[in-house]
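Hi,

Here's the structure I promised to send over. Have a look at it first, and then read on for what turned up.

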Amino acid sequence: MAVVDNTKLGTETVVWNLDDLYSATDDELISDDIDLCEQEAALLEEGCRGRLSELEVAVFSRTIRRLERIAENLGRVSTYAFLNFSTRVMDAEAGAFLQQVTETASRINRQLVFFTLEWGKMDEAAARKFLDGEETAKYRHYLEKIRRQAQYLLSECEEKLLIELEPVGKNAWIILFEKVMANQQFGEPGRSEEEVLAELYSPDREIRRQAAEDLTRGLQDQEHVLTHIFNTLAADKMIDDRLRSYPTWDRSMHLENELEDKTVDILIESVTGRYDIVSNYYHLKKEILALDTLYDYDRYAPVPGMSEVQVNWPQCREMVLTAFAGFSGEMAEIAEQFFEKKWIHAPIMEGKRGGAFAHPCVPDAHPYVMVNYTGNLRDVATVAHELGHGVHQVLAAGQGMFNSDTPLVLAETASVFAELLIFHSQLDLLEKPEEKRAYICQKIESIFATVFRQTAMNRFEDAMHTGRRKQGELSSEILSAYWLSTQKAMFGDSVVLSENYGIWWSYIPHFLSTPGYVYSYAFGELLVLGLYRLYQQQGEAFVTKYMDLLRAGGKNSPYALLEPFGLDINQPEFWQGGLEVIEEMVELAGRC
């Protein structure tokens with residue numbers, strides 16, 4: 001039984017319209033698009049396999065365009081299947097359709113793996129002819145990215161086999177996880193994961209304590225299944241990394257983000273080296289709340305001074321669009337389309353997956369946003385966050401399928417910047433010191449969740465993957481010990497973490513779907529704090545550069561895309577600058 005009243009919030013009709021993709025799972029256009037992809041893939045394999053280096057530059061360029069068209073058509077079908085499944089996780093038909101599409105995409109991509117292998121391993125002299133060609137200039141960065149990963153590619157037979165097995169391997173386990181979590185009810189009355197997590201923000205300590213207990217018990221009910229899923233996917237990655245000779249468990253993610261290992265190392269060392277900021281804040285919060293001890297279920301307790309108001313959907317829309325318009329009229333106009341054209345799915349529904357996301361879909365369509373809206377101010381920030389992604393995806397679409405895909409670290413920049421915009425717009429409306437303190441504290445905790453918690457989660461991942469490779473199958477107790485140790489390192493002596501809290505690693509999907517991803521949040525947040533300082537100094541000149549950054553998508557590396565801002569992300573001083581901004585906010589909260 002749902003606790004959230006969608007009708008009262010005005011979200012009952014805020015459901016996305018997928019007709020811009022397809023009208024139904026049996027739409028004949030789906031078959032047509034798949035047939036086109038299959039035919040084109042067969043023709044490309046027959047005409048180009050084994051002779052890529054012999055092609056004329058113009059023919060090579062046309063080959064890339066044909067590959068891009070296949071990727072776009074497959075992406076459209078796959079996006080539709082995924083979005084359809086996301087709000088109907090327990091529906092057998094939706095699950096079967098997603099699996100069918102996944103298997104079909106795997107079959108088609110298997111025919112095209114020859115291009116990545118031949119291009120990636122082509123000798124430099126032959127490759128240079130294509131890289132320097134005027135016809136391929138648009139795809140130069142995309143092609144260079146493939147070649148940087150060449151040393152980790154396997155033989156064609158091996159790559160095809162891995163693609164063949166993926167639908168019944170990693171993807172199948174992730175879908176199982178989503179089904180388990182969507183079906184799990186927590187406490188009495190049965191609440192969804194989103195609803196019980198929302199109760200951790202209640203001003204009533206008993207409600208918070210009970211919510212934490214209910215979440216723990218619900219996770220313990222599925223502990224054997226979740227532990228097996230985590231172990232299986234950690235082993236899957238271990239095998240893949242071993243076959244490809246990746247030196248570390250996270251090297252593949254660094255390559256995907258187009259970052260040097262040292263950049264990520266500097267980021268993580270900078271953040272973990274300032275865990276004292278977290279400890280100092282929670283000691284302050286304990287004083288503000290007049291508690292003798294701050295337990296894990298007290299972390300998100302609202303600071304007195306501002307009531308936890310309910311924000312209905314029309315109010316949320318107005319708040320977000322006003323904040324965006326204050327920065328850029330173009331940003332607000334793009335975001336408004338998501339509301340007007342039904343590109344958002346907002347209500348809490350039985351069988352809907354938890355969390356929130358923005359899916360870029362394909363360049364010739366538009367992104368879609370999913371949230372689970374419960375009506376609090378955190379959810380307003382979440383809507384702004386996902387619409388930040390959405391605006392970025394709309395702007396980057398002009399780069400085409402292969403160049404619009406932005407490295408995760410910069411993708412998070414757009415979303416976190418959007419959150420910061422709405423924070424400042426709301427802060428300016430508050431007059432009473434206690435209201436400002438409460439709102440600042442709420443933002444500090446949001447930043448902590450993005451910077452420090454995600455970095456601590458990265459340290460948990462490091463322990464999990466290292467442990468799985470050295471020790472074999474990991475018990476739930478061992479995983480919980482990793483979780484508690486990495487969380488305690490962050491909180492120090494400021495928060496008492498109960499033994500029950502140890503299992504809370506098991507509901508976090510990023511560990512499964514995108515291993516190594518979570519540091520991208522810390523990267524994005526600290527980068528945004530630096531960018532926002534530039535905005536305050538440069539005004540409209542910054543807005544132009546920022547919108548150009550979003551428009552650029554993934555057509556270049558993060559290092560190159562950030563050059564116009566004069567930022568050096570390989571310098572510890574850059575990251576320390578963002579951390580000092582957070583520290584100043586904590587000090588400000590203490591003075592209010």
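Before the details, one cut-off: a residue is called buried under 20% relative accessible area, exposed over 50%, and partly exposed in between. By that scale Arg49 is partly exposed, because its relative accessibility is 43%. Keep in mind that this is a predicted model.

Glu156 sits in helix H7 and Arg49 in the loop between H2 and H3, so the bridge ties together parts 107 residues apart in sequence. Glu156 itself is buried, at 19%. Both residues belong to a salt-bridge network that also includes Glu45 and Lys160.

- Glu40 pairs with Arg69 at 3.2 Å between the closest N and O atoms. This one connects helix H2 to helix H3, across 29 residues. Glu40 is buried at 10%, while Arg69 is partly exposed at 41%.
- Glu583 meets Arg274 at 2.9 Å, N to O. Here helix H26 is linked to the loop between H13 and H14, 309 residues away. Glu583 is partly exposed at 23%, and Arg274 is buried at 15%.

Asp32, in H2, is partly exposed at 45%.

And how many disulfides are there? Zero, in a search of the whole structure. Cys316 is buried, at 0% relative accessibility, and Cys441 is buried at 0% too.

Cheers

Key: Residues are numbered from 1 along each chain as its sequence is written. This is a predicted model: local features need pLDDT of at least 70, side-chain atom pairs count only at pLDDT 80 or more; totals for chains, interfaces and linings use all residues. Side-chain values use heavy atoms; hydrogens and water are left out. Helices (H or I, at least four residues) and strands (E, at least two) are DSSP runs, numbered from the N terminus. Buried means under 20% relative accessible area, exposed over 50%, partly exposed in between (1.4 Å probe, protein chains only). A disulfide is a pair of cysteine sulfur atoms within 2.5 Å. A salt bridge is a side-chain nitrogen of Lys or Arg within 4 Å of a carboxyl oxygen of Asp or Glu.
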